[in-house]
Amino acid sequence: EDALVASPETLDDAEASTLPCAGLTAWFALVERGQLRAGQSVLVQGTGGVALFALQIAKAHGAEVFVTSGSDEKLALAKKLGAKQGINRLKGDWAESTLALTQDRGIDHIIETVGGENLRHSLRAVAVHGRISVIGVLAGTEITLSAGELLLKSPVIQGIGVGHRRALEDFVRAVDVTGLKPVIEHRYRFNQLEQAFEHLDRGAFGKIVLTRE
């Protein structure tokens with residue numbers, strides 16, 4: 001029983017099921033460890049579960065949110081959720097675009113969900129004394145960075161592996177207070193598990209949920 005956390009009163013069971021992993025990871029990176037403040041800038045990479053939770057959490061804290069994606073359609077949807085700027089990573093150097101959009105200041109907090117070589121671009125895009133939360137390693141687990149840029153910018157680079165129970169309790173209270181609604185692209189019945197995995201492979205905007213009925 002010490003491992004349990006009460007669900008938010010404002011969410012149904014399917015919505016609440018998205019909180020303990022994707023939502024908590026974003027909350028732990030931005031709020032628990034990142035101490036996010038109003039007026040800061042946050043960049044999220046992609047439009048999966050962690051990324052969209054990070055977008056919503058950052059927006060609720062008064063931050064300016066930037067989103068990178070390879071889909072203009074998904075960028076448009078992210079803007080409807082409150083993102084200030086959308087950057088198509090397939091149409092140029094996204095780090096350079098980010099610096100241009102911030103008048104070369106860079107981003108205060110980057111949610112790094114790609115890993116590998118992409119972390120070098122995040123280092124270019126982060127603000128001096130900013131923060132990079134390494135959450136995903138889709139592009140590889142090996143990381144090499146420019147020592148000169150690392151020393152000049154002196155960012156915090158933190159690895160995030162979900163979070164702890166007390167942080168989840170904090171997040172649940174915040175969900176009820178702010179009215180945050182998880183983005184669920186599709187709800188599949190449990191006997192549609194194969195279709196759900198196929199959807200996951202294609203890439204979802206937000207979360208995919210399995211229900212018994």
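1. The side chains of Asp170 and Arg166 meet in a salt bridge, 2.6 Å from N to O. A salt bridge here is a side-chain nitrogen of Lys or Arg within 4 Å of a carboxyl oxygen of Asp or Glu. Both residues lie in helix H8, four residues apart, about one turn of the helix. Helices (H or I, at least four residues) and strands (E, at least two) are DSSP runs, numbered from the N terminus. Asp170 counts as buried at 19% relative accessibility. Arg166 counts as partly exposed at 39%. Buried means under 20% relative accessible area, exposed means over 50%, and partly exposed is in between, with a 1.4 Å probe and protein chains only.

2. A note on the basis of these values. This is a predicted model: local features need pLDDT of at least 70, side-chain atom pairs count only at pLDDT 80 or more, and totals for chains, interfaces and linings use all residues. Residues are numbered from 1 along each chain as its sequence is written, and side-chain values use heavy atoms, with hydrogens and water left out.

3. Glu32, Arg166, Asp170 and Arg173 are linked in a network of salt bridges. Across the whole structure, the search finds twelve salt bridges.

4. Glu15 forms a salt bridge with Lys181, with the closest N and O atoms 3.7 Å apart. This pair links distant parts of the chain, 166 residues apart. Glu15 is in helix H1 (residues 13-16), while Lys181 is in the loop between helix H8 (165-178) and strand E7 (184-189). Glu15 is buried, with a relative accessible area of 11%. Lys181 is partly exposed, at 40%.

5. Glu64 and Lys84 form another salt bridge, their closest N and O atoms being 3.1 Å apart. Glu64 lies in strand E2 and Lys84 in the loop between helix H4 (72-80) and strand E3 (85-88), so the pair ties together parts that are 20 residues apart in sequence. Glu64 is partly exposed, with a relative accessible area of 35%. Lys84 also counts as partly exposed, at 42%.

6. Now the largest pocket. Its space is about 870 Å³. The lining has 31 residues, of which Gly46, Thr47, Gly48, Leu138 and Ala204 lie nearest the centre. Helix H2 (19-32), helix H3 (49-60), strand E2 (64-69), H9 and strand E8 (207-211) each give two or more residues to this lining. By type, the lining residues divide into twelve nonpolar, 14 polar and five charged. Ala, Val, Leu, Ile, Met, Phe, Trp, Tyr, Cys and Pro count as nonpolar, Asp, Glu, Lys and Arg as charged, and the others, Gly among them, as polar.

7. How is a pocket defined? It is an open set of points on a 1 Å grid over the protein atoms alone, where a 1.4 Å probe fits, with protein on both sides within 12 Å along at least five of seven lines; lining residues have an atom within 4 Å of a point. Grid points are joined across faces, edges and corners, and a volume is the space filled by probe spheres set on the points.

8. The second largest pocket holds about 170 Å³ of space. Its lining includes Gly34, Gln35, Leu36, Arg37, Asp108, His109 and Arg131. Strand E4 (107-112) and strand E5 (126-134) are the elements that give two or more residues to it. The largest share, four residues, comes from E5. The lining divides into three nonpolar, six polar and three charged residues.

9. Helix H9 (residues 193-202) gives the largest share of the patch, three residues. Phe197 lies in H9. Phe197 is partly exposed, at 47% relative accessible area.

10. Two backbone angles deserve a look. Most residues other than glycine have a negative phi. Gln103 has a positive phi of about 55° although it is not a glycine. Gln103 lies in the loop between helix H5 (94-101) and E4, and is exposed at 65% relative accessible area. Ser154, also not a glycine, has a positive phi of about 50°. Ser154 sits in the loop between helix H7 (147-153) and strand E6 (156-159). Ser154 is partly exposed, at 37%.
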